[in-house]
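Hello,

Here is the structure I promised to pass on to you. Have a look at it first, and then read my notes below.

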Amino acid sequence: MTLSATDFAYVAGLVRRESAIVLTPGKEYLVEARLLPVARQAGAASVADFLSGLQRRPDTTMHRSIVDALTTNETSWFRDREPFTALTDVVLPELLPTRTNRTLRIWSAASSSGQEAYSLAMTMQQALPAGWQYQIMGTDISTEMIKRAGTGEYSQVEVNRGLPAQLLVHFFTRSGTGWRVNPALRQNVTFQQMNLAAPLPSMAPFDVIFLRNILIYFDVETKRTVLRNVGRLLRPDGYLFLGAAETTIGVDESFERVAMGRTSAYRPRVSVPAGAVGKG
Amino acid sequence: MRLILRRIVSQLGFEVIEAEDGKAALDLLGTVDEVPKLALIDWNMPNMNGLEFVIAARDDARLRDMTLVMVTTESEHGHIVRALAAGAHEYVIKPFTTDAMIEKLALLGLVPTGANL
């Protein structure tokens, strides 16, 4: 991405001094992604602007925010839980009777290191009736993350994060000092590098799309572009899941919100053309 | 380790009692008026190890409602399977982060989902 070597070295030095965590070169993507919300909150147009301002005028509060952003909030399995519960309790009972080819396609649209894609696969493996098949596609802007997710390898620390022990022993095997996703699960999951804000490659449409905790990183125009791009790949009766702090309301009125227990999902509105723009 | 665990669960609002090993834990549980909601159990302990404690606790009707979580460096696949088969509800591998411990307790319904310190 756009983070310069100087900016990266500045952030790495700061984080090392404050937290003893060492950010090695190659983590530029992580730094950029994690600092974007911090930069926006500080009123900066980009991470680069934010960092250059900060290097001219050091600010201990901002230093703290940077360190927090880079040292907490690792990806969990079954993150927030409710979307996965909604998937099994509401979405599957509704979609299964209509899918005569007995196949479901699900997209983890900002898959990062892969926990969401594999969590979806574990959910399908447990919830789908015998004779059904599923395909999970994970995409991320970072080729490094795509490569990492594709290995299906996770450290001890990572498998502790929200993954029930029953599922760990059922779907993973020990590998070196960590764990590896079993082939039975792995074979249903593919990973592909993709920039959601650019024109997307043509793909078969999806029944369910998880686009979670990624829109928060974008300005409203980019949010619109991403929702339009992603919406074109959602089947007319499919469901879109966003992060808890995200919504299509005021951004793209071609979706309508559907409450599901303690969470909600979005589906294409029937009467409005895809990509219609709201007033907000 | 006991200190770290004590700090985490105390800050989540739990009152904490501690025992040296499985045998001491059973003795202590025999004396308390109220059975704890949660037991955090190491595998490797003298006198009675964690697995033996889980088996003994599952065998005691009075302790039926106590949630059993192994917290241990024992990270082999077979260890986890044995603990779960013996009746442990969850298994946390050391090292773990505070968030990971809270998430496991949330999985068990002992703290609200999304709780943090």
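**Where the chains meet**

In this predicted model, 17 residues of chain B are in contact with 14 residues of chain A (two residues are in contact if their C-beta atoms, placed from the backbone, lie within 7 Å). On the side of chain B that touches chain A, helix H4 (77-86), strand S3 (90-93) and helix H5 (98-107) of chain B each give two or more residues. Helices (H or I, at least four residues) and strands (E, at least two) are DSSP runs, numbered from the N terminus. By class, that side of chain B has ten nonpolar, four polar and three charged residues. Here Ala, Val, Leu, Ile, Met, Phe, Trp, Tyr, Cys and Pro count as nonpolar, Asp, Glu, Lys and Arg as charged, and the others, Gly among them, as polar.

**A note on numbering and confidence**

Residues are numbered from 1 along each chain as its sequence is written, while chains are lettered from A and ligands numbered from 1 in the order in which they are written. As the model is predicted, local features need pLDDT of at least 70 and side-chain atom pairs count only at pLDDT 80 or more, but totals for chains, interfaces and linings use all residues.

Chain B has a mean pLDDT (the predictor's confidence in each residue, from 0 to 100) of 93, and 97% of its residues reach 70 or more. For the complex, the predictor gives an ipTM of 0.89 and a pTM of 0.80.

**Two helix pairs**

In chain B, helix H2 (residues 22-31) and helix H3 (residues 50-58) pack at an angle of about 30°, with their axes 9 Å apart. Axes are lines fitted to C-alpha atoms, for helices over the stretch in contact, and angles run from 0 to 180 degrees between N-to-C directions. H2(B) is therefore roughly parallel to H3(B) (angles under 35 degrees count as roughly parallel, over 145 as roughly antiparallel, 65 to 115 as roughly perpendicular and the rest as oblique).

In chain A, the axes of helix H5 (residues 82-95) and helix H6 (residues 115-127) come within 10 Å and cross at roughly 40°, so H5(A) is oblique to H6(A). Phe84(A), Leu87(A), Thr88(A) and Leu92(A) in H5(A) meet Ser119(A), Thr123(A) and Ala127(A) in H6(A). That contact has four nonpolar, three polar and no charged residues.

Enjoy exploring!
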